[in-house]
Amino acid sequence: MAMIRNQRRHRLVAYSLILPFVAIFSLVFAYPIVEVIRLSFTNATLIGGGEWVGLQNYRELLSDKLFYTSLKNNGYFVLLTVVPTTAIALGIALMVQRLSGRLQALALALFFLPYILPVSVVTQIWAWMLDFQFGVLQPVLELIAGKPIPVFKNPHWVMPMVALVTIWWTNGFNVLLLLAGLRNIPQDLYEASALDGANRRQQFARITWPLLWPVVALVLTLQLILQLKLFDQVYLLSEGGPFNSSYVLLLMVYREAFQQNNGGYAAAISLVVFLLIVTVSVLQYQLLRIRGRK
Amino acid sequence: MEEGRKMKLFTSLAMAALLSGAMPVMAQQQTITWWDFFAGGDGARMKALIQQFNDENPDIKVNATTLEWGTPFYTKVRTSAAVGQGPDVMTYHLSRLPMGLKEGILTPITDADLQIAGLAKDDFYTPALEAAKGPDSTLYAVPFDIHSTVLFYNKNLLKGTPFLDAEGNLTGIDSLEKFEAALAAAKANGSTAPISYATGDDGGVYRVFYTLLAQQGGELISADGQVLPGDSADKAVRAVEIMTKWAENGWQPEQALYEASVALFTSGKSAFFFNGAWEVPTMVDLSAKNELGFEWGVAEIPTLLEKHTNWADSHGWAVPIQGKAEMAPEKREAVMKLIGWMEKHSLDWAAAGHIPAYKPVATSPEFAAMKPNSNYAGLADRATYDPRSPVAGVASPTYDAAVNIIAPAIHGYMPATDAVDQLRAELEKAMK
């Protein structure tokens with residue numbers, strides 16, 4: 001009897017301990033998710049319940065050309081950013097690691113600095129530097145292309161340039177993660193391999209790369225999630241143009257919801273984006289882990 | 001329930017006692033919450049008007065808030081009005097009226113309302129009044145001004161050409177050929193971008209495109225919701241081709257954003273400048289400070305194609321719904337008085353370059369004496385407003401399409417016919 005009561009009390013204490021978390025989680029996460037799912041089956045505006053329309057929004061979405069354009073652009077952007085930013089971050093991390101003391105801290109700070117800037121500042125800086133009439137980088141573009149280029153107004157240049165801005169902005173964080181991973185590799189492995197006559201390239205291929213792989217996989221996955229959520233840079237730099245060549249899924253959500261007042265349709269799109277991110281990132285992480293185990 | 005009411009009564013009595021202690025004079029004062037989107041020179045002028053109103057009308061107090069122009073303003077209005085947290089009166093673009101009606105957030109302005117304001121429907125220019133009506137001819141806003149595109153010109157760059165008369169005013173441009181001849185002449189006179197407008201921005205491109213379309217009698221969206229009906233598509237192609245030609249001949253700047261388009265004219269590089277009359281104060285001020293470096297003038301957009309018309313929009317007053325509640329009649333009365341007062345004082349607003357929509361002011365000798373504003377006042381009767389569609393108007397899909405499709409097309413990234421096809425597809429999709 002006493003045992004049971006004791007157990008019950010334990011359970012009570014346990015529940016009361018997780019209650020704050022459950023309450024906040026339900027309020028700010030679970031409830032909105034349920035609402036978004038419900039909204040996506042209605043023709044609701046931004047305010048008000050709307051009428052149940054079943055799968056209408058999803059049918060419409062699947063026949064919406066802009067949806068496929070956006071999907072393609074999201075994919076293109078992922079290709080342009082995820083692997084390049086990880087590779088660049090790895091290169092920087094390897095170089096920074098070879099520095100020591102204050103110099104290392106300074107180098108790290110310099111690479112991390114852009115990351116602490118808000119996106120509006122970042123895009124403003126680049127919009128000025130790349131300004132068609134007055135931008136300081138236009139002479140550089142002139143060297144490459146032979147004439148000044150309005151990069152955010154040119155359908156071929158816009159996505160690569162948004163990708164460049166994004167990499168510049170977010171790379172510092174990846175450097176930090178990879179550097180932490182590098183520091184976790186025991187130094188004696190390098191010493192032992194050096195004694196056995198391994199050169200630098202062999203050390204990287206046989207020690208650094210395999211032991212760093214879990215961190216690399218993590219960075220790749222985080223980047224994939226982050227870059228699929230592209231919105232701010234495109235909204236601020238190119239507004240989705242020209243000819244929708246930088247239109248992405250979240251811009252579609254924004255325009256439908258806040259400009260056109262189609263809450264239900266916007267909810268359907270955002271739910272699809274959510275499922276897309278979950279599927280792709282889980283898939284990618286599993287694939288990378290399998291690769292890592294081999 | 002009874003308890004609650006008692007409590008409320010008690011608090012309001014307490015409040016009243018407190019307030020009467022603090023401000024013994026203003027017993028029946030109505031407080032009006034006002035939202036607008038005016039920044040810069042417009043904002044300063046509007047704040048001065050509100051200040052003057054508050055000083056002259058101790059029984060009404062206007063609490064004004066200025067919000068971010070465009071989509072942020074209209075999103076905030078629609079969500080807040082729907083739950084009863086919106087303003088009592090707000091400025092509204094008449095081009096956005098169809099969207100406001102679709103959202104159901106505007107209250108009708110009745111004849112009784114107008115009477116309280118001391119206004120009558122006949123007091124307003126017809127195009128502006130029509131733009132303030134819903135499809136059922138009910139009035140949903142009171143027009144305040146007419147703001148349109150005008151043609152600024154640099155007299156120095158046109159010197160020696162046949163396009164200036166003896167007094168130095170623009171003359172003889174009554175067709176596209178003549179206008180293009182003037183552009184070529186200005187180029188020969190050393191103008192690097194003879195016709196400046198914001199070729200890389202939504203508004204600049206849209207207004208030129210829409211004016212060229214309207215001058216051919218073309219329709220972007222018809223009253224029954226058809227995009228580019230009949231031969232309007234061909235007319236739209238012609239409009240895009242004209243703008244493309246200006247780009248190819250080096251007459252218009254490449255990818256100029258709004259500020260750059262203004263700077264090109266004020267720095268004396270452009271002979272003509274196609275922009276809203278709201279830039280008139282900029283030129284007046286610069287000229288007064290002797291910083292312009294050339295003689296300037298402003299005229300109505302000439303008839304380049306078949307019809308004498310151009311794009312225009314109006315700022316108006318609208319009274320949003322208060323969620324599920326009704327606005328108290330006394331408050332609505334105060335709002336209407338405020339609107340009436342503003343209309344009668346719109347001469348001060350006209351100094352910002354706009355034409356008063358209220359005819360008694362627009363036809364007054366005071367306004368006629370206001371130069372150069374009265375030079376282009378004639379357009380008030382001939383203006384073409386944006387299509388009466390929820391996808392049209394400021395910060396709407398038509399503006400997005402202008403920067404997304406037309407702007408790159410006129411820079412040679414796409415043939416005009418393809419661009420017009422895509423424009424049609426985008427707008428039809430947005431209307432679904």
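In helix α9 of chain B, the buried residues are B:Ser232, B:Lys235, B:Ala236, B:Ala239, B:Val240, B:Met243, B:Thr244 and B:Trp246; buried here means 20 or more other C-beta atoms within 10 Å of the residue's own, exposed 12 or fewer, and partly exposed in between, with C-beta atoms placed from the backbone. The model is predicted, so local features need pLDDT of at least 70 and side-chain atom pairs count only at pLDDT 80 or more, whereas totals for chains, interfaces and linings use all residues. Residues are numbered from 1 along each chain as its sequence is written, and chains are lettered from A and ligands numbered from 1 in the order in which they are written.

The buried residues of α9(B) pack against β6 (195-196), α8 (202-215), α16 (397-410) and α17 (416-431) of chain B. Helices (H or I, at least four residues) and strands (E, at least two) are DSSP runs numbered from the N terminus. An α-helix has 3.6 residues a turn, so residues three or four places apart point the same way. The 17 residues of α9(B), 232-248, should span 24 Å at 1.5 Å a residue, and the end C-alpha atoms agree, lying 24 Å apart; the expected span is 1.5 Å times one less than the number of residues. Just after this helix, B:Gly250 adopts a positive phi of about 70°.

Turning to chain A, A:Ile185 sits in the loop between α7 (158-183) and α8 (187-195). A:Ile185 counts as partly exposed because it has 16 C-beta neighbours inside 10 Å. Leaving aside residues up to four places away in sequence, A:Ile185 touches A:Ile207, A:Thr208, A:Leu211 and A:Leu212, contact meaning C-beta atoms, placed from the backbone, within 7 Å. The C-alpha atoms of A:Ile185 and A:Leu212 are 7.7 Å apart, with 27 residues separating the two along the chain.

Note on methods:
Contact = placed C-beta atoms within 7 Å.
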